[in-house]
Amino acid sequence: MSDLLVIVAPVFWVVLLGYVLGRIGLFKIEHSETLINFVWFVGIPFYLFRAMAPASLPSLYELQIAAAYYLALFCVYALTYFLARLAFKIRGRERAVFALTSCLGNGAFLGLPLVELAYGAEGVRVLLIIVPFHTLSLFVVSTYLLALDPVDASAAQPQGRMLTAVRALASVWRNPITLSLVAGMIWSGFGLPFPVWLDKMMAFPAAA
């Protein structure tokens with residue numbers, strides 16, 4: 001129990017701190033967008049790139065861990081999708097969202113600090129192998145399923161559904177998390193040097 005508290009308590013302490021600062025008026029509601037943008041476009045990308053660039057490419061064992069994770073994930077996704085249809089009589093668009101929310105975890109904002117506290121750098125490394133394909137796979141599949149039950153009748157055509165899925169895939173590649181991880185893997189794959197001065201420069205925004 002004490003180990004669990006050591007891992008979980010710091011993360012929820014930060015959540016509580018943010019709530020208190022908001023309640024006393026030190027942080028206004030309009031400040032939240034700035035904080036989120038900093039974390040999303042600066043803090044997390046620097047953290048992810050700094051973790052991947054100087055490291056070696058994923059080993060076969062690590063890829064097997066990721067494959068096992070995604071096998072379980074899509075089993076849960078499919079089960080939830082059909083359960084929503086059979087048990088709850090939910091229509092197609094809602095079923096896709098229902099299945100997505102059953103599997104989509106917050107691997108960046110909450111996952112990174114929790115995994116780092118629990119398993120250290122090696123745990124973060126495995127998480128970073130999983131994270132890039134999380135959004136890539138789930139969003140594209142869910143968007144395609146949404147297109148099967150479109151609001152606009154023109155999107156019901158096979159070409160319309162495929163175009164929707166392609167647009168979803170393109171939007172994922174504009175995701176700063178995906179881009180920073182892919183950039184880090186490319187840097188690692190080419191064996192480019194990662195000097196101390198670069199590590200120090202990236203450490204400050206990454207630590208935030």
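User: What does Ile177 touch, not counting residues up to four places away in sequence?
Analyst: Ile177 touches Trp40, Ile44, Leu48, Ala108 and Val131. Contact here means heavy atoms within 4.5 Å. This is a predicted model, where local features need pLDDT of at least 70 and side-chain atom pairs count only at pLDDT 80 or more, while totals for chains, interfaces and linings use all residues. Residues are numbered from 1 along each chain as its sequence is written, and side-chain values use heavy atoms, with hydrogens and water left out.

User: OK, and which residues have the most contacts inside the largest nonpolar core?
Analyst: Those are Tyr47, Leu48, Leu112, Val124, Leu128, Ile177 and Leu181, in a core of 15 residues. A nonpolar core is a set of buried Ala, Val, Leu, Ile, Met, Phe, Trp, Tyr and Cys residues joined through side-chain atoms within 4.5 Å. Buried is under 20% relative accessible area, exposed is over 50%, and partly exposed is in between (1.4 Å probe, protein chains only).

User: Which helices each supply at least two residues of this core?
Analyst: H2, H5 and H7 do. The largest share, six residues, comes from H5. Helices (H or I, at least four residues) and strands (E, at least two) are DSSP runs, numbered from the N terminus.

User: What lies apart from that core?
Analyst: Another core, of 13 residues, including Ala96, Ala99, Cys103 and Leu138.

User: Switching to Leu146: where is it found?
Analyst: Leu146 sits in helix H5 (residues 111-147). With a relative accessible area of 22%, Leu146 is partly exposed. Leaving aside neighbours within four places in sequence, Leu146 is in contact with Arg93, Ala96 and Val97.

User: Now the rings. How many aromatic pairs are there?
Analyst: Seven. Rings of Phe, Tyr and Trp (its six-membered ring) pair if their centres lie within 6.5 Å; planes under 30 degrees apart are stacked, over 60 edge-to-face, and the rest tilted. One of the pairs is Phe49 with Trp187, edge-to-face at 5.5 Å centre to centre and 85° between the planes.

User: Which parts does that one tie together?
Analyst: Phe49 lies in helix H2 (residues 31-52) and Trp187 in helix H7 (residues 176-189), so the pair joins parts that are 138 residues apart in sequence.

User: Are those two buried or exposed?
Analyst: Phe49 is buried at 12% relative accessibility, and Trp187 is partly exposed at 24%.

User: And why is the Tyr69 and Tyr70 pair edge-to-face?
Analyst: Because the ring centres of Tyr69 and Tyr70 are 5.1 Å apart and their planes are at 90°. Tyr69 is partly exposed at 32% relative accessibility, while Tyr70 is buried at 14%.

User: Which residues do ring pairs link into a cluster?
Analyst: Phe49, Trp187 and Phe194.
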